[in-house]
Every structure is written in structure tokens, then in C-alpha cells.
Amino acid sequence: MSQVKREIKTIKKQIISVLILFFMFVMIFATVNLGLAANNADTNLAQNIISGTLDMTAPGNLNWTNVILNGSNQNSNTNLDGVNVTDYRGGGGTGWNLTLYAENNITAGTNNIDITARLNVAPGDVTSDDTAQSGSNFMMPNDSGNAEVLMNAGADCGTGVSNIDNTLFKLLIESGDAAGDYTAVMVFTVSS
């Protein structure tokens, strides 16, 4: 046999070997892919997220120091601390208002001090997780329809915890006011 015929025979053997290996790999990968396709399953994921609350807390009492009548008008000042709003409703925040009014004038028996003319409220310092701010100074209203903003958060703000401290309550005591233990009830309301 000639050298050329031997080389042709060797090349044919190599080609046949490569073809056999190619078909073996095709069969192996086809089997693996079919095996994987038969073992697939889908599972749907579900998570229900429930909105938290918008809530607030305030101290139970606000007391002024005693005033001794001396024949002239006097201002009695006190600070309110620890008014808190919590907004755990989620999302970017829808905003809220914390308002304040008194249910009645300050009274002692039949004696009455008109708080709408004589009780000034200066909202204090706000600390907030998400951009709440204090309202403007106001004279204390004595009905819910005229409630004033003590602290608020605009749209997309107010989530988490917001506190207002050092709110100044300045009551004008006139020289002609009757002596007595005066009381009233303040109402805080938070709403969005």
C-alpha cells in the first residue's frame, strides 16, 4: 500500500472517531436536558403586608405654677413635653396633622377664663424620623371645628416617630380674675 492510501485511511479513521464522539456528546446532553426538564416545578411566592397605625400620645397633665394675685396682669408660662406621633402605615408616608383644641374654657366653679383670648400656644421643638415640623403660634381654640395644628408632616413624609417638646403655653392672668383652682381639658387629634 502506498503512503498516500495509508494517510487517507488514517484520516478516515480520525473523521469517523470524531463523528462517533460528536454523536455521543449530543446523546449525553440531550439525555441530561430531558432529565432536567422533567424535574421542574413552579412555586408562587405570596406575602401579605398589613398597614400599621397612625397614632399619638400626650402627657396626662399640664400644670402651671401657682400665681399670686398682686393687682396687675401677669403671664403664667409652662412647657409641654412628650407629645409623640407614630406613623407605621408604610410606604413613603401620606402625611398627617396633629391638632389641638380645648373642650372648654379654663374654669374654677362658676369663674371662667376665656382661653381663646388669653391662652397663647407656641409649638416647640420637633425631632422626627421623617421630616415632621411644628405649626405656628396660635390662641387656644375651644372647639374641634377650630382646632389648630401643633405638628404636621406633608405628603411623602412623617413615617416612623415624631416628637414635639418645649411647647410653650402662656396664660394671661388678669388682675381682676377670681382666685381658684382652674381646669380645662385639651384634646389632641392626629389625622391624615
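## Salt bridges around R118

R118 forms a salt bridge with D177, and the closest N and O atoms of this pair are 2.2 Å apart; a salt bridge here is a side-chain nitrogen of Lys or Arg within 4 Å of a carboxyl oxygen of Asp or Glu. The pair links distant parts of the chain, with R118 in helix α2 and D177 in the loop between β13 and β14, 59 residues apart. Helices (H or I, at least four residues) and strands (E, at least two) are DSSP runs, numbered from the N terminus.

R118 also forms a salt bridge with E174, where the closest N and O atoms are 3.6 Å apart. Because R118 lies in helix α2 (residues 115-118) and E174 in the loop between β13 and β14, this pair ties together parts that are 56 residues apart in sequence.

## Basis of the model

This is a predicted model, in which local features need pLDDT of at least 70 and side-chain atom pairs count only at pLDDT 80 or more, while totals for chains, interfaces and linings use all residues. Residues are numbered from 1 along each chain as its sequence is written, and side-chain values use heavy atoms, with hydrogens and water left out.

## Burial of the charged residues

Buried means under 20% relative accessible area, exposed means over 50%, and partly exposed lies in between (1.4 Å probe, protein chains only). R118 counts as buried because its relative accessibility is 11%, and D177 counts as buried at 14%, whereas E174 is partly exposed, with a relative accessible area of 32%.

A search of the whole structure finds 3 salt bridges. One of them joins D87 to R89, with the closest N and O atoms 2.7 Å apart; D87 counts as buried at 3% relative accessibility, while R89, at 23%, counts as partly exposed.

## The largest nonpolar core

In soluble globular proteins, nonpolar side chains tend to be buried together. A nonpolar core is a set of buried Ala, Val, Leu, Ile, Met, Phe, Trp, Tyr and Cys residues joined through side-chain atoms within 4.5 Å. The largest such core has 27 residues, of which W96, L98, M140, F169 and F188 touch the most other members. Strands that each supply at least two residues of this core include β3 (83-87), β11 (148-153) and β14 (186-191), and the largest share, 4 residues, comes from β4.

Contact means heavy atoms within 4.5 Å. Not counting residues up to four places away in sequence, F169 touches several residues, among them L62, W64, L100, V121, M140 and M186.
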